[in-house]
Amino acid sequence: MDSGSSKNASGVSAWFVREVLPLEAALIQFLHHNWRNASEVPDLLHDVYVRTYEAAGKEIPDNAKAFVFATARHLIIDRVRRERIVPIEIMSDMESLGIAVDEPDADRRLIARAELRRLESALDRLRPRFREAFVLRQIEGLSRREIASRMGVGEETVKQYLADGICALADMLYGEAADLRRQK
Amino acid sequence: MSVAGDNNVSLQSVRARAAALLVDRRSSQQWGAQEEAGLEAWLAQSPAHAVEFLRLEAAWDRTERLAALRPPGRKTLVAGDRLRPIFGRAVAGLAVIVLVGIGVRPFLKAPVVRTFATAVGGHKTVTLPDGSIIELNTNTSLRVANAKGERRVWLDKGEAFFEVVHNGAHPFVVTAGDHKVTDIGTKFAVRKEARSIRVTLVEGSARLDSLAGAQPRSAVLRPGDVAIADAQSLEVQRQAPDDVMSALGWRRGMLVFHHATLADAVKEFNRYNTEKLAIGDSYAANLTFNGALPTNDIGAFVRVTQKTFALHAAKRGNEIVISR
């Protein structure tokens, strides 16, 4: 991140959140198809993000989807070279995998409702203590101290619940295909 | 270039650090300029830090939407097994969710925090012990506390007008999200929206500190200034006194429109009424008009669109849809 261009940096950040993060589920699917070791996928994903973010700092790509998947492809090729493993013959592309990353229906009210359903389902699958902390914070609007006394734990524990909780939520919100959204 | 490289361990630790910083920034009352600078430095160290933080922050922001699930008329929500039915119901009735006063919560420790809230269409005036007055607009929730001689208000939702009795030794601080307004003897309004806040200064002066975004920003506001701050920017516009009064028309129960599009007007009316309006097509959405209408009189607004623009109104579910 270039310290001299904070305005640019915030533009890149907004672009990253708006255009790149929603591709995560499709990207994970792509990486799984093209990389034999599943346990390395989170790491690859992170590297795709880093490369994309760095490149966008110089110039924001016109087509985020095309750019992100090209970056993923290059990353895999680089790694294949570096690790001297047998190259994968043909890297399957998004289309052949049937990965859909199209924008959902334009009806914003439907989207808002689907988003809420999605959040609800993610929250539901959180570990109970994390979920409780999240509900008290984001729905009840309690402070950390209030949450701590309500849950009968220390403030540091509440912080840890929220931190672990948001990591799990981010994986669910970005890493899972938005099936709910496409329901009509 | 890439911090994670081939091992998952460093990615895990970067992510854990990003999560800890995010949670502190969003939920710690001790978060200040120094902490913000620390975060800034950490983010600038590596794009690996930046992307992990951004991703978690974006997820956190999405969960802000969950506040819409706060069930009406309940003081507490029990986490766990009972979540599902409550959520199901809340989601089903989303279009007509009415958030009502959540009451004063029992606090175990000083300082005493009092909560004030209004439902959709509500309007309430509160006088504080020091003589300062807070006027709550529709669908608003705020907390008030006296801590260490500092008078503090957290605007959790909605909009409020503040008429502060100035006391140099005890500053009056209004916090809304990542933004903080400190009075320097003043009358001002603060409106909190999903991603931004709007501060309208009527009299005196106030300082706005925005802790959101990459860099903390500040501005000193003078009468007629309208400041809009979000995660990326802080913008101050000078407005004519009439426009300032128009923006505060709600204090008299009126919505005042000046070259407003019907889309904007509908958005405003929907803040005040449980019966919702919607615009059916872009032609109707972009028509502009001037006028003043009671906040709770949807019928009057619909009649204006019918008579002035020859638009049609149709009831569809819980909504009145206005279209060509």
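Tutor: Start with residues 1-7 of chain A, where pLDDT stays under 50; that score is the predictor's confidence in each residue, from 0 to 100. The model has 11 contacts for this stretch beyond four places in sequence, a contact being two residues whose C-beta atoms, placed from the backbone, lie within 7 Å. Residues 85-98 of chain A are also below 50, with 17 contacts beyond near neighbours in sequence. For chain A overall the mean pLDDT is 78, and 73% of its residues reach 70 or more. Helices (H or I, at least four residues) and strands (E, at least two) are DSSP runs, numbered from the N terminus.

Some housekeeping: this is a predicted model, where local features need pLDDT of at least 70 and side-chain atom pairs count only at 80 or more, while totals for chains, interfaces and linings use all residues. Residues are numbered from 1 along each chain as its sequence is written, and chains are lettered from A and ligands numbered from 1 in the order in which they are written.

Now the detailed part, strand S3 (residues 133-136) of chain B. Ile134(B) and Leu136(B) make up its covered face, and Ile133(B) and Glu135(B) its uncovered one. On one side, S3(B) pairs antiparallel with strand S2 (residues 124-127) of chain B over four bridges (two strands pair if DSSP finds at least two bridges between them). Within that pairing, Val126(B) bridges to Ile134(B), a residue of the covered face. S2(B) and S3(B) form a hairpin with five residues between them, and Gly131(B) in the turn has a positive phi of about 95 degrees. S3(B) also has four bridges to strand S5 (residues 150-163) of chain B, again antiparallel. There, Glu135(B), from the uncovered face, has Phe161(B) as its bridge partner.

To put that strand in context, chain B has eight helices and 16 strands. Buried residues make up 36% of its 324 residues; buried here is 20 or more other C-beta atoms within 10 Å of a residue's own, exposed is 12 or fewer, and partly exposed is in between, with C-beta atoms placed from the backbone. Among chain B contacts between residues at least 6 apart in sequence, 43% join residues at least 24 apart.
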